[in-house]
Amino acid sequence: MDRDIVSFPLKSLEEQCCDCGCSCSLTVSSSSNEPWLRSVKRKHNEFEKSSRFYIPGLDVLPVARVGIEKECAMLRETLGTQQATIQELCSELEEERNAASSAANETMSMILRLQREKAEVQMESRQFKRFAEEKMSHDAQEISALEEVLYKREQTIQSLTCEIQAYKHRMMSYGLTESEAEG
């Protein structure tokens with residue numbers, strides 16, 4: 001295993017972990033007097049398979065050595081990009097939440113408006129139904145009263161016709177002819 005040996009001075013070493021201004025820091029205290037050993041292994045992708053000796057089933061990749069300073073810089077850069085991505089995703093999520101919230105509010109207001117309109121239409125239809133039923137009942141009573149008046153009138157006409165016939169026969173019994181009795 002390849003190891004880079006890094007020795008720090010006896011005083012404490014503090015560095016910021018990122019550029020965001022947070023209070024976290026990387027601290028190496030002076031309490032440990034032994035050197036800090038760090039193993040650094042990275043895959044080296046610059047070799048092509050055709051340019052090297054290859055044995056099937058045995059895949060040995062060369063190990064590239066990277067200094068700890070470069071690794072820290074790369075990790076900080078990666079952390080910064082990841083934090084920027086997280087911020088973008090959080091703002092996008094907040095926008096989506098706001099959009100969903102406003103859509104839900106609009107939907108609820110539309111539902112309430114439709115329910116109110118439905119209640120108004122139902123009340124109007126009940127009132128119209130009551131009005132129509134009352135009008136039909138009133139019309140039925142009027143028709144019944146008119147039929148009764150018509151029946152009485154027919155009865156009166158028939159009784160008067162019979163009375164006319166009786167007077168006609170009476171006049172004929174006094175010696176008048178039928179034409180004179182009618183005239």
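This short talk goes through the fold, the salt bridges and a charged surface patch of one predicted protein model.

Before the details, some conventions: because the model is predicted, local features need pLDDT of at least 70 and side-chain atom pairs count only at pLDDT 80 or more, while totals for chains, interfaces and linings use all residues. Residues are numbered from 1 along each chain as its sequence is written, and side-chain values use heavy atoms, with hydrogens and water left out.

Let me start with the overall architecture. The protein has two helices and six strands, where helices are DSSP runs of H or I of at least four residues and strands are runs of E of at least two, numbered from the N terminus. Along the sequence the order is β-β-β-β-β-β-α-α. Of the 183 residues, 5% count as buried, which means under 20% relative accessible area, with exposed being over 50% and partly exposed in between, using a 1.4 Å probe and protein chains only. The accessible surface, from the Shrake-Rupley method with a 1.4 Å probe, comes to about 16200 Å², and 56% of that belongs to carbon and sulfur atoms. Taking contacts as heavy atoms within 4.5 Å, 48% of those between residues at least 6 apart in sequence join residues at least 24 apart.

Now to the charges. The whole structure holds four salt bridges, each defined as a side-chain nitrogen of Lys or Arg within 4 Å of a carboxyl oxygen of Asp or Glu. One of them joins Glu 117 and Arg 113 at 3.0 Å, N to O; these two residues lie four apart in helix H1, about one turn, and Glu 117 is partly exposed at 35% relative accessibility. Another pairs Glu 94 with Arg 97 at 4.0 Å, three residues apart in helix H1, with Glu 94 partly exposed at 39% and Arg 97 exposed at 51%. Lys 135 and Asp 139 also form a salt bridge, with their closest N and O atoms 4.0 Å apart.

Which residues gather in the patch of negative charge on the surface? They are Glu 88, Glu 92, Glu 95 and Glu 96; a patch here is made of residues with over 30% relative accessible area and no salt bridge, like charges being joined within 9 Å, and the place of a Glu charge is taken as CD. Glu 96 itself lies in helix H1, residues 68-173, and counts as exposed because its relative accessibility is 52%.

How values were computed: Patch = residues over 30% accessible without salt bridge, like charges linked within 9 Å, V, L, I, M, F, W, Y side chains within 5 Å. Lys, Arg positive; Asp, Glu negative; His and termini not counted.
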